[in-house]
Amino acid sequence: VQLVESGGGLAQAGGSLRLSCAASGTIYTINNMGWYRQAPGKQRELVAFVSRINTASYAASVEGRFTISRDNAKNTVYLQMDSLKPEDTGVYYCKMRIADTEVNADDYWGQGTQVTVSS
């Protein structure tokens, strides 16, 4: 299984970016999907999470500005980021809990994509 991210880049404060993360390989089902970020000198933190039944949750710092969504037919998770702030700068990673059989599931990470927000 491989996760490939796209959509990072440079944005001005107040702007928007949309991240995508697509899974490929032997996939029976995908359970939880999430986005994490890591700023320089800081630990990786959970940004947003969407369950298999499409229940979403967000870090307080992005609530109301970011929207996570999933397309199960495409094995893809998205992160729409609006009203960006300089403190949103970091490397963004997607993570999926993927089952390749009915009884076996593992966590997989994307390669990371840089998001830089200028003031």
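Modeller: Thr76 first: its relative accessible area is 7%. This is a predicted model, where local features need pLDDT of at least 70 and side-chain atom pairs pLDDT 80 or more, while totals for chains, interfaces and linings use all residues. Residues are numbered from 1 along each chain as its sequence is written, and side-chain values use heavy atoms, without hydrogens and water.

Biologist: Why is Thr76 called buried?

Modeller: Buried means under 20% relative accessible area, exposed over 50%, partly exposed in between (1.4 Å probe, protein chains only). Thr76 has 7%, so it counts as buried.

Biologist: And what makes Ser20 buried?

Modeller: Its relative accessibility is 17%, so Ser20 gets that label too. Ser20 touches residues including Trp35, Val77 and Tyr78; contact means heavy atoms within 4.5 Å.

Biologist: Which backbone oxygen lies 2.8 Å from a polar side-chain atom of Thr76?

Modeller: That of Lys74. A polar contact is a pair of N or O atoms within 3.5 Å; within protein, one must be able to donate a hydrogen and the other to accept it, and residues adjacent in sequence count only if both atoms are side-chain atoms.

Biologist: How do you know that strand 7 and strand 8 pair?

Modeller: Strands are DSSP runs of E, at least two residues, numbered from the N terminus. Two of them pair if DSSP finds at least two bridges between them. Strand 7 and strand 8 have six, in the antiparallel sense, and Arg70 stands opposite Val77 in strand 8.

How values were computed:
Helix = DSSP H or I, 4+ residues; strand = E, 2+ residues; numbered from the N terminus. Lists of a residue's contacts leave out its neighbours within four places in sequence.
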